[in-house]
Amino acid sequence: MLDNIIKSRIHRFFKTLCLLYLCCLGMTSCEDVIELDLDTTAPQLVIEANLMADVSSVVVLITRTNDFYDNSKPESVSNADISLESNTGEVYMLTQDDPGEYKAENIQVNSGDIFTLRVALEDEFYEASTTVPFPAVLD
């Protein structure tokens, strides 16, 4: 009986040791770096807007995209005319604080309100709308 218990423990030990060895081998296997041959593209405009109800402000960041392998910081875009309009008719004009960063404060934000962001830049016009969500009810 004692002999069977010892054999069982030795078997379990070697089984665990083999599994550990295979895991270590898998984690240290060779890896090939694959670099894709991607075409360069013209930079695209990126408009990121965040309406923050808790601090009654909006921040809009405008940048241009980089190529995939370009690790530099995206180019900030200045000289945009930006407005935010609520469904109640209030219009807020955003001002540029830093290159590519536009802000407006003291915005009246209520759940269910619809806001429309309008951006005019270099003879192009962009528009997006959102509805302020209602707070989640926790039980």
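Here are some numbered notes on the structure above, meant for someone meeting it for the first time.

1. Ground rules. This is a predicted model, where local features need pLDDT of at least 70, side-chain atom pairs count only at pLDDT 80 or more, and totals for chains, interfaces and linings use all residues. Residues are numbered from 1 along each chain as its sequence is written, and side-chain values use heavy atoms, with hydrogens and water left out.

2. The core. Start with the largest nonpolar core, which has 18 residues. A core here is a set of buried Ala, Val, Leu, Ile, Met, Phe, Trp, Tyr and Cys residues joined through side-chain atoms within 4.5 Å. The members touching the most others are Val60, Ile62, Ile82, Leu84, Leu94 and Ile107. Two or more residues each come from strand 2 (57–64), strand 4, strand 7 (101–105) and strand 8 (114–121). Strand 8 gives the largest share, with four residues. (Strands are DSSP runs of E, at least two residues; helices are runs of H or I, at least four; both are numbered from the N terminus.)

3. Ser83 sits in strand 4 (residues 81–86). Ser83 is buried at 13% relative accessible area; the cut-offs are under 20% for buried, over 50% for exposed and partly exposed in between, using a 1.4 Å probe and protein chains only. Not counting residues up to four places away in sequence, Ser83 touches Val91, Tyr92, Met93, Leu94, Thr116, Leu117 and Arg118.

4. Ile34, Leu36, Leu38, Phe68 and Tyr69 make a nonpolar surface patch of about 560 Å². Patch residues have over 30% relative accessible area and no salt bridge; nonpolar side chains (Val, Leu, Ile, Met, Phe, Trp, Tyr) are joined within 5 Å, like charges within 9 Å. Areas come from the Shrake-Rupley method with a 1.4 Å probe, and for residues only the protein chains shown count as cover. Leu38 is in the loop between helix 1 (2–27) and strand 1 (45–52), and is partly exposed at 40%.

5. An aromatic pair. The structure holds one. The ring centres of Phe68 and Tyr69 are 5.0 Å apart and the planes stand at 85°, so the pair is edge-to-face. The rule takes rings of Phe, Tyr and Trp (its six-membered ring) with centres within 6.5 Å; planes under 30 degrees apart are stacked, over 60 edge-to-face and the rest tilted. Phe68 is exposed at 61%, whereas Tyr69 is partly exposed at 39%.

6. Salt bridges. There are five, counting a side-chain nitrogen of Lys or Arg within 4 Å of a carboxyl oxygen of Asp or Glu. Arg64 and Glu122 form one of them, at 3.0 Å, N to O. That pair links distant parts of the chain, 58 residues apart: Arg64 in strand 2, Glu122 in the loop between strand 8 and strand 9 (124–131). Arg64 is buried at 16%, while Glu122 is exposed at 56%.

7. Glu85, Arg118 and Glu127 are linked in a network of salt bridges.

Conventions: Contact means heavy atoms within 4.5 Å.
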